[in-house]
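Hello,

Here is the structure I promised to pass on to you.

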Amino acid sequence: MNYATCVSALCFLLSSGFSSARGQDFHDVAFDPSPVRIPFLEKGERRPVTSMDLLMIRDEKGVSISPDGKYVAFVVGQAVYETNTYRSGLYVVATTPGSAPVCLGTAGAPQLDSINQWVAESPQWSSDSKYITYATKMNEEANRQVWRWSVGGGPPLQLTDVPGEVRNYHWTPQGDKIVVTFEKPSDPARIRRLSEDGILYDGGFDATHGRPVVSEAVASIPKELETWIHDISTGGERKQTKAEAGSGGPWVGDIGEDYYHGTTSFAGHHLLDAKVSPDGHKVAYRLIDNSPGIKVFYKFFSKPVRGGVPVDVAPGIYVIVDYWWAADSSEIYYIQNAGDGRPDQLMVVPAEGGTPKQVFSGSDSLYSCAPDKSFRYMACGGENRTTPSQVALADIAAGTIRTLVDLNPEFADLELGSISRLDGVNRYGDRWWAHFVKPLNYEPGKKYPLIVTTYRDHEFLRGASGDENPIHVYAANGFAVLSFDYGRRDYDNEPGDFERYLSWYESVKASIEMAIQKASETGVVDAARIGLAGYSRGTEIVAYEITHSTLFRAISGAAGDNGPYFYYMASRRVQDNFSREGIGGWPEGRSKANWKRVASELNAEHIDVPVLNNVPDSELLGILALYTSLRELGKPVELFVYPNELHHISQPRHRYQIYERNLDWFRFWLKSEESSDPAKSEQYRRWRGLRQLQQKAQSNENAASKQQN
């Protein structure tokens with residue numbers, strides 16, 4: 001799991017108002033069983049990057065190295081626009097220089113998380129380095145099971161046949177068994193009773209998704225987990241015994257915390273994961289830190305298996321991405337991220353604690369890393385601002401990194417704008433960073449319109465958070481782009497402290513303005529033509545910006561999640577979170593003034609910029625308050641709804657349409673340009689009508705201002 005994923009996932013668990021379970025009325029994205037192919041290409045003619053190039057990127061979805069260090073297995077995923085599907089592929093490549101990757105076939109259907117993002121999961125190796133296992137399903141109707149491939153090729157073999165969806169698994173140290181934890185299916189009788197008898201509503205689920213109430217009720221019920229043992233030699237399967245379940249060691253009881261599984265509350269469940277040392281005497285583990293105050297995401301400890309005092313081996317580190325024991329159990333290797341937008345670092349620290357030492361840090365972002373048994377090599381996924389997914393091999397002793405497989409060789413022929421890093425500390429003392437992309441074929445002395453994206457500035461500059469804003473395509477079409485990230489939040493407001501809560505939005509606003517000022521000092525930016533784009537938390541930032549600033553001329557992505565309408569439809573958990581943040585409870589009661597200060601729909605009269613929203617149908621209800629307010633006030637607003645989607649819009653054709661619509665929107669409002677594509681004529685007819693609406697509103701406001709004077 002890379003830094004961006006783990007941070008966004010934790011933020012989602014801690015503060016999001018969206019459901020934590022996929023509903024039965026939303027289908028998985030369609031799966032094409034044809035394996036992803038990685039072409040070998042000769043260098044071709046250079047050309048600008050397009051939205052289709054970004055859509056067709058092959059993404060690394062899991063990497064692992066064989067115990068003997070001779071091979072690397074990796075999973076690749078790719079969208080297919082023509083059929084609106086996704087493909088996967090399982091590959092193996094030797095670690096010797098010059099080796100070519102070998103495709104072992106499809107890796108099965110994508111595994112999607114609660115908001116429809118493809119979850120990366122690394123393949124696992126047998127102890128003899130002859131076989132690769134991966135949890136997947138080969139058709140959309142099957143349960144997710146563990147499959148096995150031979151390094152030498154041949155068809156895969158389904159190993160497990162547990163009665164449910166495999167959530168995770170691992171090989172036993174002896175290599176003769178696999179321990180499988182799976183989700184038991186929902187009880188059909190229970191679903192039927194809910195349908196026939198009705199449901200007593202107690203605030204246990206959200207109404208914001210607009211799906212059938214039975215689906216919401218079922219989705220809110222925590223999944224029941226069960227663990228079985230699969231015997232490799234016989235193929236037999238049985239439930240794990242209590243003795244086997246308790247084999248993790250006495251250390252679990254020592255720390256007073258249980259595992260957090262995503263369906264429990266954090267109370268008493270802060271244990272994220274744990275790894276026992278090879279000699280069986282020590283254990284290293286991460287605890288989720290959700291306490292108010294100075295913020296790190298995980299605390300990282302080491303202790304004896306029996307008794308002893310836990311030692312914080314990496315105090316104050318923002319994110320511990322992953323960790324491993326050295327072969328002799330004397331040291332712990334771990335990857336840390338400082339939360340400053342710079343690449344992760346591989347560190348090593350004595351098992352008893354002490355001063356950590358850096359092993360290596362490259363210029364690329366590395367993730368999904370895994371070492372071999374001797375800790376000589378580490379295989380990783382990697383990318384940088386101009387290069388999408390690759391598979392890399394790190395020589396730990398030498399401290400060097402080289403590319404094993406370029407998953408996207410086509411990008412060698414694509415022209416991208418030049419990139420520079422900007423960063424600073426705002427007047428609140430909060431640090432931010434951004435990457436400033438000049439327009440392709442930039443002409444010195446010429447001023448260009450600027451598009452600002454709001455957070456997820458980490459790896460390849462693809463589409464910012466949510467992958468909806470094609471950064472390099474914007475640059476190829478004559479825009480300067482500021483890929484902004486508000487940075488780490490080193491504090492959290494105490495429960496009920498509304499002013500502290502509100503100060504975060506003010507701080508982000510100050511950072512964005514500071515970043516724009518720095519970009520303008522390059523002489524490239526036309527400060528009269530600036531657009532702002534958001535997704536998820538970014539849409540809340542955008543909504544706050546346009547109700548408290550007149551800096552922007554076009555918007556894509558502005559939400560109304562911090563409003564009374566959303567509050568009334570939300571679950572009790574989300575309503576309680578509003579109270580904890582200090583906004584308050586009933587919007588017509590004592591907290592009315594607080595709601596007025598944060599709710600975009602209650603401040604719609606202050607929004608004087610055209611707003612485009614691309615939303616999944618599961619979030620349509622939540623955006624209607626802002627949309628209706630703007631429409632009733634005669635403000636330029638457009639709302640596009642994408643069917644059968646969750647928070648993260650994932651269908652390939654929908655993704656491409658959002659790329660292109662956002663590009664067209666900013667071209668229209670910031671450059672007065674229209675595409676020559678006749679299929680878009682109706683789009684521009686609407687937008688010209690919105691422009692007339694904006695001009696009329698501005699004329700009325702000017703007339704009213706003159707009368708007042």
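**Starting at R47**

R47 is partly exposed, with a relative accessible area of 36%; buried means under 20% relative accessible area, exposed over 50%, and partly exposed in between (1.4 Å probe, protein chains only). Please keep in mind that this is a predicted model, in which local features need pLDDT of at least 70 and side-chain atom pairs count only at pLDDT 80 or more, while totals for chains, interfaces and linings use all residues. Residues are numbered from 1 along each chain as its sequence is written, and side-chain values use heavy atoms, with hydrogens and water left out.

R47 belongs to strand β1 (residues 47-48); helices (H or I, at least four residues) and strands (E, at least two) are DSSP runs, numbered from the N terminus. Leaving aside neighbours within four places in sequence, R47 is in contact (heavy atoms within 4.5 Å) with D53, D413, L414 and E415. Between the C-alpha atoms of R47 and E601, which are 554 residues apart along the chain, the separation is 43 Å.

**The disulfide**

The structure holds 1 disulfide, defined as a pair of cysteine sulfur atoms within 2.5 Å. The partners are C369 and C380, with sulfur atoms 2.2 Å apart. The torsion about their S-S bond is about 115 degrees, so the disulfide is right-handed. Since C369 lies in strand β22 (residues 365-371) and C380 in strand β23 (residues 377-384), the pair ties together parts that are 11 residues apart in sequence. Both cysteines are out of the way: C369 is buried at a relative accessible area of 9%, and C380 is buried at 1%. Another cysteine, C103, is partly exposed, with a relative accessible area of 22%.

**The nonpolar cores**

A nonpolar core here is a set of buried Ala, Val, Leu, Ile, Met, Phe, Trp, Tyr and Cys residues joined through side-chain atoms within 4.5 Å. The largest one has 51 residues, and F436, L450, L482, F484, I555 and V611 touch the most other members. Helix α8 (residues 498-520) gives the most to this core, contributing 10 residues. Apart from this core lies another, of 35 residues, with L54, F479, Y659 and L690 among them. If you want to look around V611, its contacts beyond four places in sequence are I546, I555, A558, L630, P636, V637, E638 and W665.

**Strands to look at**

Strand β28 (residues 431-437) is mostly covered, with 6 of its 7 residues buried. Two strands count as paired if DSSP finds at least two bridges between them. Strand β27 (residues 419-425) runs antiparallel to β28 and is joined to it by 7 bridges, with G424 standing opposite W432. The hairpin of β27 and β28 has 5 residues between the strands, and G429 there takes a positive phi near 85 degrees. β28 also pairs in the antiparallel sense with strand β30 (residues 480-485), over 5 bridges, and A434 stands opposite F484 in β30.

Elsewhere, an open sheet of 4 strands has the order β14-β15-β16-β17, with antiparallel pairing. Its edge strands, β14 (271-276) and β17 (311-312), each pair on one side only. Strand β15 (residues 282-288) and strand β16 (residues 298-304) pair over 7 bridges, and F300 in β16 is the bridge partner of R286.

**Two helices**

The expected span of a helix is 1.5 Å times one less than its number of residues.

Helix α13 (residues 620-632) has 13 residues and should span 18 Å; its end C-alpha atoms are 18 Å apart, which agrees. α13 bends by about 30 degrees at L626, where the bend is the angle between axes fitted to the seven residues ending there and the seven starting there. G622, I623, A625, L626 and L630 are the buried residues of α13, and what covers them includes α10 (564-569), β33 (611-616) and β34. After α13 comes G634, whose phi is positive, near 75 degrees.

Best wishes
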